[in-house]
Amino acid sequence: MAQYVDEAMLKAAGKVIAVHLNYPSRAAQRGRTPEFPSYFLKPSSSLSISAQVERPAGCELLGYEGEVALIIGSPARRVFPEQAWQHVQWVTASNDLGVYDLRYADKGSNLRSKGADGFTPLGPELIPAHDVDPAGLRIRTWVNGELVQDDDSSTLLFPFAQLVADLSQLLTLESGDIILTGTPAGASVAVPGDVVEIEVSGGSPAGHFSSGRLRTEVLAGTTPLAGYGAQPKADDLQRAEAWGIETPPKTPVLTAELKGKLERVATATLSSQLRKRGLNNVSIDGLSSTTPGQKVVGTARTLRYVPNREDLFKEFGGGYNAQKRAIDTLSEGDVLVMEARGEKGTGTLGDILALRALQNGAAAIITDGGVRDYTAVAQLDLPVYAANPHPAVLGRKHVPWSVDETVACGGTTVQPGDIIVADADGILVIPPALAEELADDSLQQEHEEGFIAQMVREGHGVDGLYPMNAEWRKRYQLWAEQHPLEQHPCGPSQSALDQA
């Protein structure tokens with residue numbers, strides 16, 4: 001017989017603890033990935049089973065966040081992750097509501113922004129924790145019937161048992177306490193009149209389970225906040241974060257200056273500099289471009305496909321799946337690198353998603369699988385590198401699985417944040433920590449090779465010149481005084497001499 005969240009359960013909740021970031025898709029939106037979980041408290045008075053919530057008068061940005069809620073059944077103090085799940089009694093859906101207009105007021109505590117009455121709806125149905133695999137839960141959110149969040153607990157930054165164990169190190173989790181476990185990408189703003197629905201579901205040996213849809217209608221508050229407290233205040237940054245618009249990291253590795261340097265040098269030169277540093281397996285091989293010869297410099301985002309299994313595709317292939325999340329969260333200068341295991345028998349991208357990537361400002365898409373709608377994709381002003389065209393949809397061979405994890409593509413490993421450089425010679429993956437010195441040394445190498453090329457054109461042989469011996473090095477230094485590096489038009493150089 002189904003059991004439901006009721007008032008007695010809400011009153012039994014001594015603590016409501018929420019996790020800041022836990023889904024890779026959300027971390028990608030925020031531009032940061034935490035090393036350890038961090039938390040904030042919500043008052044138990046924010047809990048509700050009501051179908052309505054007020055956006056406070058004067059506030060603009062009421063954010064919704066679909067989350068999996070864990071309800072503690074037995075006290076947990078200094079437990080290990082291996083035993084932590086047995087202290088969880090129930091699983092259900094929750095909505096971690098908050099007004100971004102008041103985030104500034106409490107210096108990160110979120111008390112006023114997320115602690116208002118009714119700002120933590122819960123339910124409706126309780127799922128017995130012992131019946132489910134904590135790594136097999138799916139969280140979905142709809143706004144006015146449209147699916148806006150769809151993710152699963154298999155790729156969490158911090159698995160549920162780790163959260164319970166971590167919290168229990170310093171405080172006792174008591175029966176009735178509630179843990180909100182983080183929200184995936186797709187969290188955004190609800191306005192008066194919107195209906196937000198959230199469901200937790202999945203399958204297990206005990207059968208299919210569901211929390212049912214937690215339904216919350218947003219109303220407009222009519223009572224203004226008193227003048228003796230903080231007043232609502234929204235700016236462009238708060239609007240961007242509330243609506244889910246990705247903001248770039250504060251200190252991007254690929255600065256405009258570094259990008260300009262990398263655009264001036266050939267991948268052939270970069271490859272030789274990488275080799276000098278012991279990096280030989282940093283090229284993505286075997287792919288063709290829709291825009292042959294076009295230079296690409298950008299920052300890697302990643303998407304991984306796993307081999308198709310019909311039950312998994314049914315669960316993870318539809319809706320707002322990993323493929324759509326990856327494309328939807330691309331931003332200016334991103335290069336999406338897809339791991340498709342070199343499978344050529346189906347598409348991993350089509351024209352609509354390629355167009356969405358272009359509109360988001362993506363620099364390129366790279367896949368070691370196939371591409372559908374190839375003619376239409378090739379007509380877009382977006383370089384796409386692929387193994388081949390193929391008409392079939394991805395469900396024939398693939399399940400879109402995870403975003404922003406380390407992947408393998410075209411014979412090399414790619415991590416989110418790596419720098420991708422591509423030209424007519426190929427595609428290189430550059431570790432961010434090496435990028436600045438690599439660019440500078442490559443510019444210097446091409447400057448020297450420009451001198452060597454000029455000498456060859458004047459009739460000199462390459463013996464002793466390429467590479468330069470001491471005599472030619474002195475002549476180069478004199479030449480360099482007349483041809484400063486800053487003025488040298490670097491580009492594909494006499495690397496074409498094949499390292500004679």
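Tutor: Asp373 is placed in the loop between strand S23 (370-371) and helix H12 (374-378); helices (H or I, at least four residues) and strands (E, at least two) are DSSP runs, numbered from the N terminus. This is a predicted model, in which local features need pLDDT of at least 70 and side-chain atom pairs count only at pLDDT 80 or more, while totals for chains, interfaces and linings use all residues. Residues are numbered from 1 along each chain as its sequence is written, and side-chain values use heavy atoms, with hydrogens and water left out.

Asp373 is not a glycine, yet its phi is positive, at about 50°. With a relative accessible area of 32%, Asp373 is partly exposed (buried is under 20%, exposed over 50%, partly exposed in between; 1.4 Å probe, protein chains only).

Asp404 also deserves attention: its phi is near 60°, a positive value in a residue other than glycine. Asp404 lies in the loop between strand S26 (398-403) and strand S27 (407-409), and its relative accessibility of 16% makes it buried.

A further loop, between helix H8 (267-276) and strand S18 (283-284), holds Asn281. Asn281 is exposed, at 64% relative accessibility. The C-alpha atoms of Asn281 and Pro224 are separated by 62 Å, and these residues are 57 apart along the chain.

Next come the cis peptide bonds. One joins Gly123 and Pro124, with omega about 0°, and Pro124 is found in strand S10 (residues 120-128). Another runs from Tyr466 to Pro467, with omega near 0°; Pro467 lies in the loop between H13 and H14.

These helices deserve a look in turn. Helix H13 (residues 435-457) packs with helix H14 (residues 470-482) at an angle of about 105°, and their axes are 11 Å apart. H13 is therefore roughly perpendicular to H14 (65 to 115 degrees; under 35 is roughly parallel, over 145 roughly antiparallel, the rest oblique). On the H13 side, Gln444, His447, Glu448, Gly450, Phe451, Gln454 and Met455 take part, and they meet Trp472, Arg473, Arg475, Tyr476, Trp479 and Ala480 of H14 (contact means heavy atoms within 4.5 Å). By class, this contact of H13 with H14 has six nonpolar, four polar and three charged residues (Ala, Val, Leu, Ile, Met, Phe, Trp, Tyr, Cys and Pro count as nonpolar, Asp, Glu, Lys and Arg as charged, the others, Gly among them, as polar).

Conventions
Axes are lines fitted to C-alpha atoms, for helices over the stretch in contact, and angles run from 0 to 180 degrees between N-to-C directions.
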